[in-house]
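Here is a colleague's note, meant to be read slowly with the structure in view. Please keep the sequence at hand as you go through the points.

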Amino acid sequence: MAEHILTRSLTLDIPREEAFAFFADAGNLGAITPPELGFNIITPQPIDIRQGTLIDYKLSLHGLPINWRTEISVWEPPFRFVDQQLKGPYSQWIHTHTFSEPEPGKTLIEDEVRYRLPLEPLGDLAHFFVKSELDHIFDYRQKVVAEMLGTP
């Protein structure tokens, strides 16, 4: 059984509270997700995010519809939060978002996703493809976040 880990980091020239507030607004998820995924939040908005909050989404991957439900399992504003898949395409999906201040007025955002593919160990044969898709999604996300929050 293989647990895979995806990491990303981005430094923004904004205060940590502002960066955290952006990610705490589930309504921003659609804007930072590649449009070809047809990402749509099903849970009525605005969503009051806190520990235990459940969020339902729909998206499409290569024409295949996917229903996804996550739970906010850790909520520690403005330092970190964790969303964990309860229902979706992965056997495990634990996404930790960490916000720190390397210097005043700057925020370092770190993402760590620990995931497992379904049908292990056979599902791991598809990891190269899945990793490529996730790299594309998270690269897009970083680019758009930097553009939206005014950091080149």
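The numbered points below go from the sheet to the helices, the core and the charged pairs.

1. This is a predicted model, in which local features need pLDDT of at least 70 and side-chain atom pairs count only at pLDDT 80 or more, whereas totals for chains, interfaces and linings use all residues. Residues are numbered from 1 along each chain as its sequence is written, and side-chain values use heavy atoms, with hydrogens and water left out.

2. Helices (H or I, at least four residues) and strands (E, at least two) are DSSP runs numbered from the N terminus, and two strands pair if DSSP finds at least two bridges between them. Here 7 strands make up an open sheet with antiparallel pairing, in the order β1-β7-β6-β5-β4-β3-β2. Because β1 (4-12) and β2 (40-41) stand at the edges with a single partner strand each, one side of each is left without a neighbour in the sheet.

3. Strand β6 can be followed towards both of its neighbours. Strand β5 (residues 80-87) runs antiparallel to β6 (residues 92-100) and is joined to it by 5 bridges; T96 in β6 is the bridge partner of V82, and H95 in β6 is that of D83. These two strands form a hairpin with 4 residues between them. Towards β7, which also runs antiparallel to β6, there are 9 bridges, and I94 stands opposite R114 in β7. The hairpin of β6 and β7 has 6 residues between the strands, and G105 there takes a positive phi near 80°.

4. Helix α2 (residues 127-148) lies across β1, β3 (54-61), β6 and β7, and it runs at about 15° to β1. For such angles, axes are lines fitted to C-alpha atoms, for helices over the stretch in contact (heavy atoms within 4.5 Å), and the values run from 0 to 180 degrees between N-to-C directions.

5. Which residues have the most contacts inside the largest nonpolar core? This core, a set of buried Ala, Val, Leu, Ile, Met, Phe, Trp, Tyr and Cys residues joined through side-chain atoms within 4.5 Å, has 38 residues, and those with the most contacts inside it are L12, F23, Y90, W93, Y115 and V145. At least two residues of this core come from each of β1, α1, β3, β4, β6, β7 and α2, and α2 gives the most, with 7 residues. If neighbours within four places in sequence are left aside, F23 is in contact with I32, F81, F99, I109, R141 and V145.

6. Please look next at the charged pairs. A salt bridge is a side-chain nitrogen of Lys or Arg within 4 Å of a carboxyl oxygen of Asp or Glu, and by this rule the count comes to 11. One of them joins the side chains of D139 and R8 (2.9 Å, N to O), and it links distant parts of the chain, since D139 is in helix α2 and R8 in strand β1, 131 residues apart. Buried means under 20% relative accessible area, exposed over 50%, and partly exposed in between (1.4 Å probe, protein chains only); R8 counts as buried at 16%, whereas D139 is partly exposed at 41%.

7. Another salt bridge is formed by D56 and R69, whose closest N and O atoms are 2.8 Å apart. D56 lies in strand β3 and R69 in strand β4, 13 residues apart; D56 is partly exposed, with a relative accessible area of 21%, and R69 is partly exposed at 31%.
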